[in-house]
Amino acid sequence: MVLLVTDSNPQSQLFIDYIHEQLDCPVTAVAPHGELGEIKQERAVLLLDADHVDDDTMQAWQAQVAEHENIAMAAFNLRDEDHSADVLATLHLQGVFYRSDDLMLICKGISKLMEGDLWMSRTLMTRLIDFYRRQQRNAYRPVCGLTHRELEIIGLLGSGASNSEIAERLFVSEHTVKSHLYNIFRKIKVHNRIQAMNWARQNLVAIPPSPGKQHRSKESL
């Protein structure tokens, strides 16, 4: 099954029809602020349209997908490799598709994602490896005076958790979470959640993807 998160328009419908014809599988369009719903298929691919889904909404979809080991999340309509690297700094994507990719190549990538493989270029994969190596080195550096509790909170924030979910996880009130976030933002000199998540990805050890979301091989575009 393919879930296409995008605005409904004639162009997206043509895209849906093409994927259905080429891959012979159900393809469903979901509004950017919609819900995942029940997935009965053994394997599904969630495609986020970068032209119509903003950063906050992508984070919300990641939080929904986190509990579903049978769903591979990918983004398409990314401008270029630099744009993809920025997105991958905050999202656990298994696939990346550029605006310049033709439809046949996108279908090939979706098919690989269905099989449990990754789909991204070797050069982008190399950049990710270098990125995670820097994170490992940064793990041994001072982290702006953040307390253990503040590190827990920014870690949960990076996984896409809301204030209420963080409060429930740590057995504190939402007011306490907001107070901690205020202190975190001040210490690391950021102004919002997205900036805080980006800072965490650059300066802290990455939060590992869910167990079970393992991939057999890497596919180069």
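Strand S3, helix H2 (residues 55-65) and strand S4 form a β-α-β unit that is right-handed.

**Strands and crossovers**

S3 comprises residues 44-49 and runs parallel to S4, to which it is joined by six bridges. Within this pair, Leu-46 lies opposite Met-73 of S4. On its other pairing, S4 meets strand S5 in the parallel sense, with three bridges between them. Here Leu-78 is the residue that stands opposite Tyr-98 in S5. S4 and S5, together with helix H3, make up a right-handed β-α-β unit.

A further parallel pair consists of strand S1 (residues 2-5) and strand S2 (residues 27-30), with four bridges. In this pair, Val-2 faces Val-27 of S2.

| Strand pair | Bridges | Opposite residues |
|---|---|---|
| S1 and S2 | four bridges | Val-2 and Val-27 |
| S3 and S4 | six bridges | Leu-46 and Met-73 |
| S4 and S5 | three bridges | Leu-78 and Tyr-98 |

Why is strand S4 described as largely enclosed by the rest of the structure? Strand S4 spans residues 71-78, and eight of its eight residues are buried, so the rest of the structure largely encloses this strand.

**Thr-90**

Thr-90 is located in the loop that links helix H3 (81-88) with strand S5 (95-98). Is this residue buried or exposed? The relative accessibility of Thr-90 is 11%. Residues under 20% are classed as buried, and therefore Thr-90 counts as buried. When neighbours within four places in sequence are left aside, Thr-90 has contacts with Gln-59, Gln-62, Asn-198 and Arg-201.

**Confidence of the prediction**

The average pLDDT of the chain is 84, and 88% of the residues score at least 70. Among the elements of the chain, S5 has the highest mean pLDDT, at 96, whereas strand S7 (residues 218-219) has the lowest, at 38. The pLDDT is below 50 over residues 206-221, although this stretch has 44 contacts in the model beyond near neighbours in sequence.

Methods:
Residues numbered from 1 in each chain as written. Predicted model: local features only at pLDDT ≥ 70, side-chain atom pairs only at ≥ 80, totals over all residues. Heavy atoms only, no water. Helix = DSSP H or I, 4+ residues; strand = E, 2+ residues; numbered from the N terminus. Buried < 20%, exposed > 50% of the residue type's maximum accessible area, 1.4 Å probe, protein only. Contact = heavy atoms within 4.5 Å. pLDDT = per-residue confidence, 0-100. Pairing = 2+ DSSP bridges. Right-handed = clockwise from strand over helix to strand, strands pointing away.
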